[in-house]
Every structure is written in C-alpha cells, then in structure tokens.
Amino acid sequence: ERKVRPGFEDTVPKTSGELEAAWKSSQNSARTGAEQLAYDEEVRLTNPSEAFKEEVLLNKSKRARPSSRYSATIREQVMALTKRQWQIWMGNKFGVVSLFVTLIIQGFIYGSLFYGMELNATGVYLRGAAIFGAILYISFIFISELFETFIGRQILQRHKSYAMYHPSAFHLAQVFLDIPLVGLCALLCSIITYFMYGLDPVASKFFIYFFVLWIFGM
C-alpha cells in the first residue's frame, strides 16, 4: 500500500494511466531510456553472441559432432558422470557404512534361520526357501535407489536443458557404478549365507549362487 507524503494528496497519481504519464515525464525515465539506447548500441557494435558461439566451439571436444549441443561426447560424459556418482556415493559415509553393516547382520540372520540344511531330499524345500529369501533380501536393499532416481528427475531435466549432459549418459554412469557395488554386496551376502546354509561347497555352484544374487541385485 502506498503512503502519500502530507501535502501531496492532490498531485500524486491515482490511476495507472496517471502513474505512467508521470513516469514518462520524469528525469528518471529520460535517463533510463538513454542508458537503454546506449546499451543496445554497444551490443550491436560488440556482438557478444558471436563471441559466445566461438567460445563454445573452441571448448567443444574434437570427437563431438559439430551439430551436437553438447560439448563432450557420450563416452566423455559417461566417464565424468561415473566419477561424479562415485564421489557422491562416497560422500555419504554414514550410508555406505550402514549399508555394509546391515548387509552383514542380515546375512548372518538369514544364515542362522536356515543353518546347516541337509543336502538330501528332506532339505529341498528349505533350500528353495533359503535361496529365495537371499534373492529377495539383496533385491530389497537396492530398491531404495528407485526413490532417489525419482527425486533427481527434476535436476536431471534441468541439466539436460542447460546442455550439461545427456540423460542416457547419466543412466549409463549409474549402471556402471552399480555393477561393482552390487557385485561387492552380493559377494558378501553369498559368502555368509552360502556356507551357513550348508550348501554344496563346490566352487562352480558357489559362483552360480553369487551371480544369481548379483543379477537380481542389479
């Protein structure tokens, strides 16, 4: 709400038209108009848009397509984003420690539930339940990443509009980072549960069990 200085009640503009007319007839309007004209003339003479385009072309990777809006190739984007995702993941040290501690504790819990199963026909159903429980557990551990993916969609779209990187490069970087991380978690879970279950201690069968957990974790 405007407050009128005492003594100016009759001269102050009361409508939008009067306010516009008062502004156009003021010295501030003339000075602002002159500054705008001077700026437009400077832009016309210096043409900064061309200098910006030349700078973008100079910074663009030699392997990138000239028509591409991105300065780097997909391979370079994936490498840079994989490094960034690793730094982000390692920055959350509490989350990393809690993930592995939870994985180890839950592995011992699952192993104790089906500890020392018999390898004959009487333990067929128990072995199936034990393996199914391990698969469910390793899958549920990484299902929380879906929530983080949906949260980051707005940031991803904003970065795409700024031509920072292609969304496919970001998702590929996440996959490349998940492969060793999920593999490490699946290996820990396999070592604990496989031998506590009392499954056949054969290397080929152990690695089949490990790869199954790895695939379902991915």
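Predicted model: local features only at pLDDT ≥ 70, side-chain atom pairs only at ≥ 80, totals over all residues.

Leaving out residues up to four places away in sequence, I found Val-182 touching Phe-142, Trp-214, Gly-217 and Met-218. I placed Val-182 in helix α9, which covers residues 167–197. Buried or exposed, I asked of Val-182? Val-182 has a relative accessible area of 1%, and the cut-off for buried is under 20%, so I noted Val-182 as buried. I also looked up Ser-139, which sits 43 residues from Val-182 along the chain; the two C-alpha atoms are 9.8 Å apart.

Next, α4. What covers its buried residues? I found α9 included in that cover. The buried residues I listed for α4 are Gln-77, Val-78, Leu-81 and Gln-85. Looking down the axis of α4, I saw its buried residues fall within an arc of 95°, so they line one face of the helix. On the face turned away from that buried side, I wrote down Arg-75, Met-79, Lys-83 and Gly-91 as exposed. I checked the span too: α4 runs over residues 74–91, 18 residues in total, and reaches 25 Å from first C-alpha to last, close to the 26 Å expected at 1.5 Å a residue.

Last entry, α2. This helix takes in residues 27–46, 20 residues, and spans 29 Å between its first and last C-alpha, close to the expected 28 Å. Which residue caps its N-terminal end? I found Ser-26 there, with a side-chain oxygen 3.4 Å from the backbone nitrogen of Ser-29. After α2 comes Asn-47, and I noted its positive phi, near 50°.

Methods. Residues numbered from 1 in each chain as written. Heavy atoms only, no water. Helix = DSSP H or I, 4+ residues; strand = E, 2+ residues; numbered from the N terminus. Buried < 20%, exposed > 50% of the residue type's maximum accessible area, 1.4 Å probe, protein only. Contact = heavy atoms within 4.5 Å. Expected span 1.5 Å × (residues − 1). Arc of directions from axis to C-beta. Polar contact = N/O pair within 3.5 Å; in protein donor to acceptor, adjacent residues only side chain to side chain.
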